[in-house]
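Please read the following report alongside the sequence and the 3D view. It is written for someone meeting this structure for the first time.

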Amino acid sequence: MKVEVSNLKKYFGSTRAVDDVSFSFASGQVVGFVGPNGAGKTTTMRILATLDEPTAGQAFIDGVSVIEEPEIARNLVGYVPDSLPTHRDISVHEYLDFFARAYGLKGVKRRQTVDGIEEFTNLSGIRDKMLVTLSKGMKQRVTLARALLHDPPVLIMDEPAAGLDPRARIELRELLRVLSGQGKAILISSHILTELAEICHGAVIIEHGKILMAGGIADLLSDSVPRRTVLIRVLGRQEELHRELLQMPSIEAARFNGEEIAAEVSGTDDACAELLAALVARGYRVVEFKQQRANLEEIFMNVTKGVVQ
Amino acid sequence: MTAEAELHHSTQPKPKFAERFDDWLNPIVVKELRQAVQSRFVITALLVLLAIQIVAVAIYLITTSDISFSYDAGRTVFMILFGIMLALSMLFVPLYSGVRLAAERSETNLDLLFITTIKPRSIIFGKMLAAVVLTVMIFSACLPFLTFTYFLRGIDLPSMAVVLAIGFVSVTLSAQTLIFLACLPVGRAFKFMLGAFGFILMVIGYVSTMASAGGMLWEGVGSKIVGMDFWQWVGIITMNYGFQMGLLLVLSIALIKPVSANRALPVRLYLTAIWSLGGIAALLGSWIEATHDPVIYWQASFNIIFAASIFTAISERDWPGASVMRSLPESSGKRLLRFFLTSGSANGLAWTGLMIATTYGVCWIWWRLFPNISSLSELVGSTRWLTVMNLYLFCYALTAAFLRRHWLKRISSKWTWVICLLLVSLGSIAPFLIGLLVYMNDSDWWREDYGRWLIGNPFVWDVAAHRELYLSFGTFWVVLAIAFNLQWFLERVRGFQRIERMGSQPFSDLE
C-alpha cells in the first residue's frame, strides 16, 4: 500500500494554494505534514480525501486515482478534518452507527464494528451522550472513530491535536502509534512539531503551496541545519579551550557556563568529527562531546518564511 | 486492538428478518428520523401546531352561535385547520430538509458523508423520504381534528381525502425543491438569495394549494369521482407531480455527484424517457380528444427545459472524466449512443440540439397528419416560436463557448453560461438601441421597420412582419457558429474513445 502525490496543483483564481506538490509514503509510516497557516496543507489533504479536485496533477492510493476513481478511493481513506462534527440531536453511538451504515456495514458486523471502535477509541463510556455536549477532545475521538469504521489502510488527519489538553494529546499519540503498528499509512498535519517529531517517520514541509523539504525525520534533522551545536566538557583547561575554540575558523560561537562549553560548529557531522580529533590531538582530555540535535521546530523555522497567501 | 482488527473478518450468523429490514433501510432516513424524534424543534413545532388547531376550533365553535343550523360549518372548520396545517408543513418540512442539508454542506458534515461509500442517490432519496415521513407524521397528528369536521356537516369524506392529497403533494414538492436548491454548489450569499427565492416559491405554492383546495371543497368531490373528467384531472396532476419530483431528484443527485462522474447520464436519460412517454401520451391525447392542445403543452414544456439545458451544456467540463472514458463501450454504435448521454460540453450540446430538432420534427409531422383538428394554428405558432428561440439561444451558446475558449481562457468553463447570458442581453438590447438612436424621430421606423432592429432577440418571433429575416439571420448565424466550433466538436467526437487505466507515475519519495 502506497500513497503517491504527483505534481499536484490547486489554484483558486490567481492564488496557487498547492503548487506542484509531489511526495509519497507507505503502509506503517506516519508522515507529518507541516507548514504555516495557508500553506496548502488542508487543500492537499482534502484532495487526497476525494473532497476536492486538483487543477492539475495526480494522487494515487494503492494505484487508485483519487481524482478519477473517487468512489473506489473512498474505501481506502479515512479522513479526520480539522473541524469537528456539529450534528445536533444525535448521540455518539447513533452517529457512529449512521456512518457505519453509510460505509455499507450490515447487521451483526456493523454492531460489532461500532462497539469495537468505541472501545478502541475509549468512547464506550460516553456512547449515549449527545454530540453537542462533548468536549473538543471527545469530539476529536469521535471523528477519529468515524474515520476508522471501514478499517481504511490510509488515514488523513488534519490538525487532530489542535485544542487538545496534554493528556488527550498523549492519548492521541498512543492511538496513532497503535494504528501505525497495524500497518496504516498516516498523513498528519499539526502545529505541535515536537510531538510530531516523536511519532512521525517522515515529514513534508510545505509553504506557499510548495514543498520546501521532504524526507525521513532523521535525514531532515541532519540535512537541514548547516551548523551543529556541540557541548564539550574536558578535564581541566576549560577556559583555555574556550579561548582556543573562539579562534578556530570552523567555530561560529562558543559559550562557557563554568561547567561545559557550547560551541556552534559550522558545517555538518564531518566538521564535528574533525573538531573532536583536533581536541584530542591538542591533548585535551575530553570527557563529554555531545552534539545537540536540532528539532523539527528548528528545522521548520529555518526553512519557512512565514508567508501566508 | 487485535480484537478490533478481527472485527472486520469475523464470520457472521445468518441475519434475522428484523436485522435484514434494518440493513435495508436508507441510512439517511434512519439518521434524520432519529434526529427528528430527539429534536426539541420538531416536538415544539408539532405541539404548537396542535395547540393552534385546538384554539382555532374552540374559537370557531364559541363564536358561531347557530352552529347546529349551519350546513357548511364542517367545510369552514376543515379549511381553517387545513390552512394552518399546510402553512406549518410547507414552512417546516422543506426548511427542515433543505436548510439542514445546506447547513450540513457548509459545516463539512456532508463532506464526511460524501467520502463514505454511500451513493449520492441514497443521500437525496434518504433526505426526501425523511421529509415524506415527517409530512405523514404532521398530517397524522392533525387527522383527528380534520376528521372531527365531518360531524359538523358540509363536507364529504372524498373531498377531505382529495384535499389532503393535494396538500401532501404541495408539501413534498416544496421539500424536494428546497433540497434541490440546497444541492446547488454556491456561496453563502447566493444561498441566502436561493433561500429567499425558495420561500417565495413556497408562498406561491401555499396560495395556489389553498385556492385549489377551496375550489374542491366548495364544489364537492363526492359527486365528481364517478365522472371521467375527474380522473383525467387526477391523472394529469399525478403525472405532473411525478415528472417534477423525478426531475428535481435526478438534478439533485447529479449536483452532489463527484465532478469526475458522469453526472449528465441520469438527467439526460430521465429527460429522454419522460420526453418520449410524455410525447406518446400527448399524441394519444391529441388524437382521442381531436385537439392539438396536449401536443402544445408537451412541446412547450420540453422546449423550455431544452433552453435551460443549452446553458447547462456549455458550462459542463470540456472532456468527460477519465473514469467515464474508461467505462465507454468498445462498440462504436453503443459509443455513439453514449456520446449523447455523457457529461461534457460537446456531448450536452449534441443531445440538446438533437432533442430540439426531434421535438420540432414530431410536431411538424403531427400538424401535417392532422391539419383539421382544433388548435392547429396555436400548435404551429408556439412550436415555431419556441424552436426559433432555442435556435437563437443555441447560436449565443456556441458563440459564448467559442469566445471563452479563444479569448477568455482565464474564465473556467463552468461560467460559460454567464458569458452566454451577457451575450443574450447585449444581442437583445444593443441593435434596438442603435436603431432607436438613429431613427428616434422617424415615424416610419416605428410603424414598419423597428422590428428589423430586434434581430438579436431570441423572443422576437411574435413580431410577424419580419419572421423571414429572423429565420434567415438565425440560420446564417447557426451555420457560422457551428463552422467556428466544428473543429473543437470533432476533436471531442474523435477523442470519445475507451481508455485504459492510468498507472501511477514514478517520482522521488520519502522512502
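The model is a predicted one, in which local features need pLDDT of at least 70 and side-chain atom pairs count only at pLDDT 80 or more, whereas totals for chains, interfaces and linings use all residues. Residues are numbered from 1 along each chain as its sequence is written, while chains are lettered from A and ligands numbered from 1 in the order in which they are written.

**The chains**

Helices (H or I, at least four residues) and strands (E, at least two) are taken here as DSSP runs, numbered from the N terminus. A residue is called buried if 20 or more other C-beta atoms lie within 10 Å of its own, exposed if 12 or fewer, and partly exposed in between, with the C-beta atoms placed from the backbone. The table sets out the two chains under these terms.

| Chain | Helices and strands | Box along the principal axes | Buried residues |
|---|---|---|---|
| Chain A | eleven helices, 14 strands | roughly 75 × 45 × 30 Å | 44% of 309 residues |

Two residues are in contact if their C-beta atoms, placed from the backbone, lie within 7 Å. Among contacts with a separation of 6 or more, residues 24 or more positions apart account for 68% in chain A and for 79% in chain B.

**The domains**

Domain bounds come from an automatic or database domain assignment. For chain A, this assignment gives domain 1 (2-222) and domain 2 (226-293), and the centres of these domains of chain A, taken over C-alpha atoms, are separated by 44 Å. Chain B is divided into domain 1 (24-257) and domain 2 (260-498), and in chain B the corresponding centres, again taken over C-alpha atoms, are separated by 35 Å. Where the two domains of chain B touch, eight residues come from domain 1 and six residues from domain 2. Residues are classed as nonpolar (Ala, Val, Leu, Ile, Met, Phe, Trp, Tyr, Cys and Pro), charged (Asp, Glu, Lys and Arg) or polar (the others, Gly among them). On this basis, the side of domain 1 of chain B that touches domain 2 of chain B has six nonpolar, one polar and one charged residues.

**Two helix pairs**

For helix pairs, axes are lines fitted to C-alpha atoms over the stretch in contact, and angles run from 0 to 180 degrees between N-to-C directions. Within chain B, helix 12 (residues 293-314) and helix 15 (residues 345-369) pack at an angle of about 165 degrees, with their axes 9 Å apart. Helix 12 of chain B is therefore roughly antiparallel to helix 15 of chain B, a label given to angles over 145 degrees. The residues making this contact include Phe302(B) and Phe306(B) of helix 12 and Met355(B) and Trp366(B) of helix 15. By class, the contact of these two helices of chain B has eleven nonpolar, eight polar and no charged residues.

The second pair joins the chains: the axes of helix 3 (residues 92-102) of chain A and helix 3 (residues 27-38) of chain B come within 9 Å and cross at roughly 165 degrees. This angle makes helix 3 of chain A roughly antiparallel to helix 3 of chain B. Here Glu94(A), Phe98(A), Arg101(A) and Ala102(A) meet Pro27(B), Val30(B), Lys31(B) and Arg34(B), and by class this contact has four nonpolar, no polar and four charged residues.

Most residues other than glycine have a negative phi. Asp62(A), although not a glycine, has a positive phi of about 55 degrees, and its place is in the loop between strand 4 (56-61) and strand 5 (64-65) of chain A. Asp62(A) counts as partly exposed because it has 17 C-beta neighbours inside 10 Å. Asp151(A), also not a glycine, has a positive phi of about 50 degrees and lies in the loop between helix 5 (136-148) and strand 7 (154-158) of chain A. With 18 other C-beta atoms within 10 Å, Asp151(A) is partly exposed.

In chain B, Lys409(B) lies in the loop between helix 16 (376-406) and helix 17 (416-439). Lys409(B) counts as exposed because it has 8 C-beta neighbours inside 10 Å. The C-alpha atoms of Lys409(B) and Asn372(B), 37 residues apart along the chain, are separated by 53 Å.

Technical notes
Angles under 35 degrees count as roughly parallel, over 145 as roughly antiparallel, 65 to 115 as roughly perpendicular and the rest as oblique.
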